[in-house]
Amino acid sequence: MSNVSFQTQLFPNASNIGGGGDLSALALLLQIDRYKNLQDQVRGEFGDMQKRNDALKTANSALAALRANRPADDKKPKEYGTFVDAQGETQYVYQWMLDNGMPIDADSKAQNESAGAQSKFDAAISNLKARIDTANSDSQMALIRLQSLMDKLNQCAELASNLLSKDGKAKENIIGNIR
């Protein structure tokens, strides 16, 4: 990997390759350029994964608040409560769910109540659980994409290393034949 980073410093962009140079040098420059592109993709996936993890942490905190505030019966409405999101800010469960496109109760058209009875809490919990399950599935798919990108990145670095090794051996043979 150190050879790749050294070569990256010497040849920062494979698109600047002139007409000169041998094929192994050109192949190495192309691999270095591909490596940079793959690194950018991996960084993007890590960023997306962090956002998903934060969203899941926030959703789980909202779910815990709903469960903790759920009334014991359907006769006495209760506030949905608050929770602390992944950024450390206090959120109102009801407003957070509405802001994130999750209805508290599918039958309610107005959605203007900040307190609900047991049945509304149950509906909100069910909706939030479904959203969390979807986010978890998306996270699993993202992990598979990330693993694939990491494999490609490793293969790219390995190929660049092999190109350098073969080029070095060829040069050693030429020098040995000259002596």
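Is R145 buried, partly exposed or exposed? I looked it up in this predicted model. R145 is partly exposed, with a relative accessible area of 41%.

**Entry: the R145 pair**

I checked the partner of R145 next. R145 makes a salt bridge with E45, and their closest N and O atoms are 3.7 Å apart. R145 sits in helix α4 and E45 in helix α2, so this pair ties together parts that are 100 residues apart in sequence. I found E45 buried, at 13% relative accessibility.

**Entry: the other salt bridges**

How many salt bridges does the structure hold? I count three.

I turned to R70. R70 pairs with D122 in a salt bridge, with 2.5 Å between the closest N and O atoms. R70 lies in the loop between α2 and β1, while D122 belongs to helix α4, so the pair links parts that are 52 residues apart in sequence. R70 is partly exposed at 33% relative accessible area. D122 is partly exposed, also at 33%.

I then looked at R43. Its side chain meets that of D40 in a salt bridge, 3.7 Å from N to O. R43 is exposed, with a relative accessible area of 54%.

**Entry: L163**

I went back to helix α4, which covers residues 118-178 and contains L163. L163 is buried, at 18% relative accessible area. Which residues does L163 touch, leaving out those up to four places away in sequence? I noted A27, L28 and Q31. L163 and Q31 are 132 residues apart in sequence, yet their C-alpha atoms are 9.4 Å apart in space.

Methods: Residues numbered from 1 in each chain as written. Predicted model: local features only at pLDDT ≥ 70, side-chain atom pairs only at ≥ 80, totals over all residues. Heavy atoms only, no water. Helix = DSSP H or I, 4+ residues; strand = E, 2+ residues; numbered from the N terminus. Buried < 20%, exposed > 50% of the residue type's maximum accessible area, 1.4 Å probe, protein only. Contact = heavy atoms within 4.5 Å. Salt bridge = Lys/Arg side-chain N within 4 Å of Asp/Glu carboxyl O.
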